[in-house]
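Please take a moment with the sequence and the model shown here, and then follow the paragraphs below from the overall fold to single residues.

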Amino acid sequence: MSQNQNIVWPCSSCGQMNRIKLDRWTQHPKCGRCHEQLETAAPLAVDTKAFYNIISQSALPVLVDFWAPWCGPCRMIAPVLEQMAKEFDGKLLILKLNTDQEPHVSSQFRITGIPTMIMFKGGQESTRQSGAMPGPMMKQWIQQAL
Ligand SMILES: [Zn+2]
């Protein structure tokens, strides 16, 4: 487990990767380049590079939703994940990885069905869950996994 006390997070306006101190995370941090406020309490769509950057360098646990646009259950849990990002703001980061666009990551983590959610701590997989879950179940799973 790393002693890292930062979170690495891209700016949704300009794409700049920002390194934010953990204790500043919930205080509406701004992008170092364009000064727009960072979206900290919403699921973030990532490509392979951003995925590895964030899970390996962020102090908070990271929940990654492996999904694809054609997957009905994936679309069903999208609003649940948005809700979870708000409820667990400051405790958890949520990423969305499109398995069609980023097949390398899906094969590395042996994703055989979607949606699959993997919790990462200190850059390592800690637990995973396959299949859609209703909100209360998802919340319980996250609480146990944190
Ligand atoms: Zn920016």
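Among contacts in the protein chain between residues at least 6 apart in sequence, what percentage join residues at least 24 apart? The share is 63%, where two residues count as in contact if their C-beta atoms, placed from the backbone, lie within 7 Å. The model is a predicted one, in which local features need pLDDT of at least 70 and side-chain atom pairs count only at pLDDT 80 or more, while totals for chains, interfaces and linings use all residues. Residues are numbered from 1 along each chain as its sequence is written.

The protein chain holds four helices and seven strands, these being DSSP runs numbered from the N terminus, with at least four residues of type H or I for a helix and at least two of type E for a strand. Read along the sequence, they follow the pattern β-β-β-α-β-α-β-α-β-β-α. The C-alpha trace spans about 40 × 30 × 30 Å along its principal axes. The radius of gyration of the protein chain is 14 Å, which agrees with the value near 15 Å that a compact globule of 146 residues would have; this radius is taken over C-alpha atoms, and the globule rule is 2.2 Å times the number of residues to the power 0.38.

Of the 146 residues, 29% count as buried, a word used here for a residue with 20 or more other C-beta atoms within 10 Å of its own, whereas 12 or fewer make a residue exposed and numbers in between make it partly exposed, with C-beta atoms placed from the backbone. In soluble globular proteins, nonpolar side chains tend to be buried together. The largest nonpolar core here has 34 residues, and those with the most contacts inside it are Ile54, Val62, Leu63, Val64 and Leu95; such a core is a set of buried Ala, Val, Leu, Ile, Met, Phe, Trp, Tyr and Cys residues joined through C-beta atoms within 7 Å. The elements that give two or more residues to this core include strand E1 (6–10), helix H1 (48–57), strand E4 (62–67) and helix H4 (135–145), and E4 gives the most, with five residues. Leucine 63, leaving aside its neighbours within four places in sequence, is in contact with Leu92, Ile94, Met117, Met119 and Ile142.

Some backbone details remain to be looked at. Most residues other than glycine have a negative phi, and most peptide bonds are trans. The peptide bond from isoleucine 114 to proline 115 is cis, with omega near 0°, and proline 115 lies in the loop between helix H3 (103–108) and E6. Arginine 110 lies in the loop between H3 and E6 and has a positive phi of about 50° although it is not a glycine; arginine 110 is exposed, because 8 other C-beta atoms lie within 10 Å. Histidine 28, in the loop between strand E2 (17–21) and E3, has a positive phi near 50°, and histidine 28 counts as exposed because it has 10 C-beta neighbours inside 10 Å.
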